[in-house]
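Subject: Model handover, ligand site

Hi,

Here is the structure you asked for. My notes on the ligand site follow below it.

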Amino acid sequence: MLTRLDGQVALVTGSTSGIGLGIARELVGSGARVILNGIEAAAMGDEIAREFGKDAVYLHADLSRTDAIVTLMAAAEAAFGRLDILVNNAGIQHVAPLAAFPPEKYDLIIALNQSSVFHTTRLALPMMRKLARGRIINIASAHGLVASPFKSAYVAAKHAVVGLTKVTALETAEENITANTICPGYVLTPLVEAQIDAQAKAHGIAREAVIRDVLLAQQPNKKFATVAEIGALCVFLASDAAASITGAALPVDGGWTAH
Ligand code: NAD
């Protein structure tokens, strides 16, 4: 079975919720063991990991901090004795006009959504080189390919992730390691729920109107992508079936970036 991941170990950052948790479910369903990560306290993370039995552990780490990433990566390799797959998924959003964008929010989004991908990747590569194989999957966004107003930090960070992934792919191309970006359109997760609530309040319109006229106005198929779809694509990219796919940025956006 070209798409089974038995015996492999994956670290999925930001996997206590939303897309990351969906990715973890698909990876475990395909035979991998998974290291979950988030900023939740250990007790809550352990509770989330319980769903996976002995196939998952939870490691708390704030990935906006380089020292925490160094500690996480060492603990991740120690957890199951190897690291085959790295999914960089942790990310946050803040929406504001550029001139009013809080500078500390900008710096935080760049640190978490962009710089953490550099740090986890640089630390994972030696672990993958030991195994003579590896898969790096970065969760960017349609906003890694096109822009929207009021999302300066997010769009800058996601475009950077697409570029960094290409560099990673070129540097590892002969080593049985691949690096790709998944670029989802809107997926209904807590991150998007917060945007729906904020827009409904700001414009005094109903939640359904925000979904239809603001968010999915961008998405030609008029449907949210699902966390299971993103997870299934991760499984495929992590598998032997995708050995020749590297340096790609794959939209999962119902046609948004076809415009
Ligand atoms: P979410 O809010 O549901 O989950 C975010 C996860 O990141 C949580 O597990 C949280 O613990 C973790 N996290 C937050 N801050 C962290 C930090 N400092 N250190 C470590 N972990 C941290 O979000 P989501 O919608 O599932 O988004 C996941 C990723 O997918 C993000 O990178 C986001 O940009 C991207 N994305 C989301 C959508 C969407 O529509 N939801 C679309 C495109 C891309």
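The ligand takes up the space of the largest pocket. A pocket here, on a 1 Å grid over the protein atoms alone, is an open set of points with protein on both sides within 12 Å along at least five of seven lines.

Helix 6 gives the most, three residues. (Helices are DSSP runs of H or I, at least four residues; strands are E, at least two.)

This is a predicted model: local features need pLDDT of at least 70, side-chain atom pairs need 80 or more, and totals for chains, interfaces and linings use all residues. Numbering starts from 1 along each chain as its sequence is written, and side-chain values use heavy atoms, without hydrogens or water.

Now the polar contacts (N or O pairs within 3.5 Å). Each involves a ligand oxygen:
- Y154, polar side-chain atom: 2.5 Å
- I19, backbone N or O: 2.8 Å
- K158, polar side-chain atom: 2.9 Å

The protein buries 93% of the 840 Å² that the ligand exposes taken alone (Shrake-Rupley, 1.4 Å probe).

Best wishes

Key: A polar contact is a pair of N or O atoms within 3.5 Å; within protein, one must be able to donate a hydrogen and the other to accept it, and residues adjacent in sequence count only if both atoms are side-chain atoms. On a 1 Å grid over the protein atoms alone, a cavity is a set of points where a 1.4 Å probe fits but cannot get out, and a pocket is an open set with protein on both sides within 12 Å along at least five of seven lines; lining residues have an atom within 4 Å of a point. A molecule sits in a cavity or pocket if more than half of its atoms lie within 2 Å of its grid points.
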